[in-house]
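This briefing covers one protein chain, topic by topic. Please look through the structure first, then read the points beside it.

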Amino acid sequence: SSDESIVKVMDGEIEPVGLGSAVVTVSLNSNPAVFTEIAVIVAFNPGTLSRSDWEIVDWNSCICEEPQYVSLNRTPEKMLDGNGTTFWGSKWDVSKPFPYYFIFDMKRAYKIYRISITKPTNTAWRGNIKSGYFEISDDRVTWTKLSDWSVESNAPREHAFAQDGSSARYIRFVISEAFEYKNQAIGPASGAQCDIAEFNVLGEE
């Protein structure tokens, strides 16, 4: 093994030791000049965190702010209900300017390895979110940028973004750009009609 802190070889068996990559060299006992090299990647496969006690403690745009659409029930909390056919919608007729944001309280600190966003699965509407960033905090006072995010196409129903395993209790999900704006000539300042069905985090305590 090129790195025994990642992979060890014992009696012909490969044993993962740590996260990362290493090269294992395999050769013939009878002729060590005959060999091959195998790249080995040891990765962590985190599970999806339970959201049963999560809350969205702050947000700044919702279609529920417009009285004529309250009955649609497209509130931010729909991003936590496990149902791809129910979803949050941004303020619709009189859009607010970007950015849009949500603060998720996970109730305890977790190491964050991946964040996934699902757009509505039961309509032709595809969410209309293009780029933004994630921030994390343990106290909702001091925030640190976790990563930027962006998608190249509005077509996919789900997008996943790898993270570095940073630990935090709160995540602020910020949407900075859309594919289509209320007024294309004005751009983000004119706001946009956006939808999101689910927000998930893969991680561990």
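The largest nonpolar core has 34 residues, and Phe173, Ile175 and Phe199 touch the most other members. A nonpolar core is a set of buried Ala, Val, Leu, Ile, Met, Phe, Trp, Tyr and Cys residues joined through side-chain atoms within 4.5 Å. Buried means under 20% relative accessible area, exposed over 50%, and partly exposed in between (1.4 Å probe, protein chains only). This is a predicted model, in which local features need pLDDT of at least 70 and side-chain atom pairs count only at pLDDT 80 or more, while totals for chains, interfaces and linings use all residues. Residues are numbered from 1 along each chain as its sequence is written, and side-chain values use heavy atoms, with hydrogens and water left out.

- A second, separate core has six residues, among them Ile6, Val7, Val24 and Val42.
- Beyond its neighbours within four places in sequence, Ile175 has contacts (heavy atoms within 4.5 Å) that include Trp88, Phe98, Pro99, Tyr100, Phe102 and Trp149.

**Aromatic rings**

- A pair of aromatic rings is described by the distance of the centres and the angle of the planes.
- There are 12 aromatic pairs in the structure; rings of Phe, Tyr and Trp (its six-membered ring) pair if their centres lie within 6.5 Å, and planes under 30 degrees apart count as stacked, over 60 as edge-to-face and the rest as tilted.
- Phe98 and Tyr100 form a stacked pair, at 4.2 Å centre to centre and 25° between the planes, and both residues are buried.
- The ring centres of Phe173 and Phe199 are 5.4 Å apart with the planes at 35°, so this pair is tilted.
- Because Phe173 lies in strand S12 and Phe199 in strand S14, the pair ties together parts that are 26 residues apart in sequence.
- Phe173 is buried, at a relative accessible area of 0%, and Phe199 is buried at 0% relative accessibility.
- Ring pairs link a cluster that includes Trp88, Phe102, Phe104, Phe134, Trp149 and Phe161.

**Charges over rings**

- The charged end of Lys145 sits over the ring of Tyr133, 5.0 Å from its centre; this requires NZ of Lys or CZ of Arg within 6 Å of the ring centre and within 35 degrees of the ring normal.
- Arg172 has its charged end over the ring of Trp143, 4.1 Å from the ring centre.

**The whole chain**

- The protein chain holds 14 strands and zero helices.
- Its radius of gyration is 22 Å, well over the 17 Å that the globule rule gives for 205 residues, so the chain is more spread out than a compact globule. The radius is taken over C-alpha atoms, and the rule is 2.2 Å times the number of residues to the power 0.38.
- The C-alpha atoms fill a box of roughly 80 × 35 × 30 Å along the principal axes.
- Of the 205 residues, 41% count as buried.

**Thr123**

- Thr123 is in the loop between S8 and S9, and at 27% relative accessibility Thr123 is partly exposed.
- The C-alpha atoms of Thr123 and Val23 are separated by 47 Å, and the two residues are 100 residues apart along the chain.

Notes: Helices (H or I, at least four residues) and strands (E, at least two) are DSSP runs, numbered from the N terminus.
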